[in-house]
Amino acid sequence: MSELSENDRLDPEGLSWSVPCLDSEDDGAGGEVKVLVLGDRVALVLPPGETLVFTPDEAGEFARLLNTSTGR
């Protein structure tokens, strides 16, 4: 039997992440955003299942916006 976790088996190249998040409209209800690398695209799967797919340029701009919002 393999000692790899289910996530490791589903993503052996390490190209997906789960990021915990809070819903500001629901008094801190939790959820998670899934980040997936799909070839040259980056996809975000948001609760409750909406999906955004970014081109490389859009992903870079989104990363810059996130860094700005966190004060980096």
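This is a predicted model: local features need pLDDT of at least 70, side-chain atom pairs count only at pLDDT 80 or more; totals for chains, interfaces and linings use all residues.
Residues are numbered from 1 along each chain as its sequence is written, and side-chain values use heavy atoms, with hydrogens and water left out.

Next, select residues 41-46 and 50-54. These are strands β3 and β4, which run antiparallel and are joined by 5 bridges; strands pair if DSSP finds at least two bridges between them. Click V45 and look across to T51, its bridge partner in β4. Between the two strands of this hairpin lie 3 residues, and G49 has a positive phi near 130°.

Now show V33, V35, L44, F54 and A59, the largest nonpolar core (buried Ala, Val, Leu, Ile, Met, Phe, Trp, Tyr and Cys residues joined through side-chain atoms within 4.5 Å). Stay on V35: beyond its neighbours within four places in sequence, its contacts (heavy atoms within 4.5 Å) include L15, W17, V42 and L44.

What is the angle between the planes of F54 and F62? The whole structure has 1 aromatic pair (ring centres within 6.5 Å). F54 and F62 form that pair, at 5.1 Å centre to centre and 20° between the planes, so they are stacked (under 30 degrees). F54 is buried at 14% relative accessibility (under 20%), whereas F62 is partly exposed at 30% (between that limit and over 50%, which is exposed; 1.4 Å probe, protein chains only).

Terms used:
Helices (H or I, at least four residues) and strands (E, at least two) are DSSP runs, numbered from the N terminus. Rings of Phe, Tyr and Trp (its six-membered ring) pair if their centres lie within 6.5 Å; planes under 30 degrees apart count as stacked, over 60 as edge-to-face and the rest as tilted.
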